[in-house]
Amino acid sequence: MRTSKYLLSTLKENPTEAAVESHRLMLRAGLIRQVASGIYTWLPLGLRVLQRVEAIIREEMNRKGAIEISMPVVQPAELWQESGRYAKYGPELCRLKDRKHNDFVLGPTHEEVVTALARREVKSSRQLPLNLYQIQTKFRDEIRPRFGVMRGREFIMKDAYSFHMDHASLEQTYDDMYDAYSRIFTRLGLDFRAVEADTGAIGGNHSHEFQVLADAGEDTIAFSDGSDYAANIEMAEALAPAQPRPAPSATLGKAATPGCHTVDEAAAALGLPASQVLKSLLVRGAPDAEGRHELVMLCLCGNQTLNEVKAGKAEGLSNPLEFASDEEIAELVHAHPGSLGPVGFQGRIIVDRTAERMADFACGANEDGYHLTGVNWDRDVPSYEVCDLRNVEEGDPSPDGQGTLHLRRGIEVGQVFMLGTKYSEAMGATVKDESGADIPMEMGCYGIGVTRVIAAAIEQHHDDKGIVWPAGMAPFEVAIIAIKPGKSEAVRECAERLHDGLCAQGVEVLYDDRDERPGVMFADMELIGIPHVITIGDRGLSAGEVEYKSRKSGERVALKAETALSDLLKILGR
């Protein structure tokens, strides 16, 4: 491909709207252009990268026996009403009506459509297991699209759905997809971790996320330095401290703390570390038959953070977790939310494992302007439950008993789920067992954010000059820079000969034949990140040489012009 006949849309200046490196470089390198908030056109270079990623995904999915299909973006709302997600999914689900006033949605995912397909097409247990996948556009109406394609509203996803007679069969396909994903992300040159994860809005009872390690990631993952344990922070278990709780040594007291509404303010007023001030929060319990919510108090060490996902799974609490309003708190406790504490609280109290080991601590007095000091469990708070409520922290012991935990930021690029029978039961997707009885099919779900993979790769693979593509994702393998080919017949002929020879060997080449200054051409090729660059100029040719440069290492090597084709093929491993 010659740049003189190609839409090479690089930018010299950094776009002001880009907050992360991947967004900045995708705009500057001419991979994408924004059409609307969170919606992008993919330009020729970007589309080539997408196609490279999709090709690797297809190869690995097909290797595992998955079958490709294509389902519609526009989906009937009645399917989502069958599954129960039409009301539950929330405002990210884009709802619309056609001219006949029928309700539809723009698909953020395809569990409903594929389950409806399976209940029509699967006639016998002999057709199972069945694994169907697609690579297709999705739409989620994000409230705040950001970071370019990393959190856009329209995006491309590979989503697969498997159907099974029993759980053992589902487990086998789950393992196959886990292996396929590991192969995909390895082939794409990504530094990733597979971590235990929450199933979220998709549902199910078991899940792993595939996280690309990057500082720009929105997720936090915890992994052990002594084992293979890894989990999203939402799922990472915080063990109770090994040391027993100290015996009480202080008497219960009351101290004035006017204007103190946070742990840090109270700690400063009392002359205590935040770790000795209890954090007390009121949340809603699960609704009763009349729709009423009991208010439940959660207690943590003041220097630690509530894990809302773990708390939401505590027995009897609303899931997802719902915090009590200021009005509800005032009605029950008659105090500001920053003055809450468990002493004298007339209601259910759940204490984090680490907070349960606190002794002689301070907490809110359930009275504005005051805190209690010298508080101890059992003596001053006789009734409470203990549960894992907090986020793990750097240096915590690993839940598997091997090593300590370290925290890293990650970008979720894929997730696999064991859905069980959540959708098949709701939508009547059954198959007859050996006795002739209709049973709901076991299901699995497996997604890869194709567009997000590209942003994640750039976050890991870039330098101050631009993108440094892993070989498996690069839009072209080789770039040829011809210096002023219009003024030098020797340069033009050498570049054309090398270009044609590489193409004949199946190498994808971008031949920069523009009549531009060399500095502009060098900067563009480094910006777009093609792994191998050949520069051809009169000065080198006069010595019978062309220059090879590795984009990754920066190494420069002089190649003989007459053997440049064979030398380069060796470098490429052809």
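Helices (H or I, at least four residues) and strands (E, at least two) are DSSP runs, numbered from the N terminus. This is a predicted model; local features need pLDDT of at least 70, side-chain atom pairs count only at pLDDT 80 or more, and totals for chains, interfaces and linings use all residues. Residues are numbered from 1 along each chain as its sequence is written, and side-chain values use heavy atoms, with hydrogens and water left out.

**View A. The second largest pocket and its lining.**
A pocket is an open set of points on a 1 Å grid over the protein atoms alone, where a 1.4 Å probe fits, with protein on both sides within 12 Å along at least five of seven lines. Lining residues have an atom within 4 Å of a point. The second largest pocket has a volume of about 240 Å³. That volume is the space filled by probe spheres set on the points, with grid points joined across faces, edges and corners. The lining counts 19 residues. Nearest the pocket centre lie His 261, Ser 280, Leu 281, Pro 337 and Gly 338. Two elements give two or more residues to this lining: α7 (263-270) and β14 (278-284). β14 gives the most, with five residues. By class, the lining has eleven nonpolar, seven polar and one charged residues. Here Ala, Val, Leu, Ile, Met, Phe, Trp, Tyr, Cys and Pro count as nonpolar, Asp, Glu, Lys and Arg as charged, and the others, Gly among them, as polar.

**View B. An open sheet of three strands.**
Strands pair if DSSP finds at least two bridges between them. The strand order is β13-β18-β17, with antiparallel pairing. β13 (253-256) and β17 (361-364) are the edge strands, each pairing on one side only. Neighbouring strands are turned by 30 degrees against each other on average, direction ignored. Axes are lines fitted to C-alpha atoms, and angles run from 0 to 180 degrees between N-to-C directions. Four bridges join β13 to β18 (residues 370-375).

**View C. Strand β20 and its antiparallel partners β10, β11 and β23.**
β20 spans residues 405-420, and eight bridges join this strand to β10 (residues 206-213). In that pairing, Ser 207 stands opposite Phe 417 of β20. Phe 417 also stands opposite Cys 445 in β23. β23 (residues 442-449) pairs with β20 over six bridges. β11 (residues 219-224) likewise pairs with β20 over six bridges. There, Ile 221 has Arg 408 of β20 as its bridge partner.
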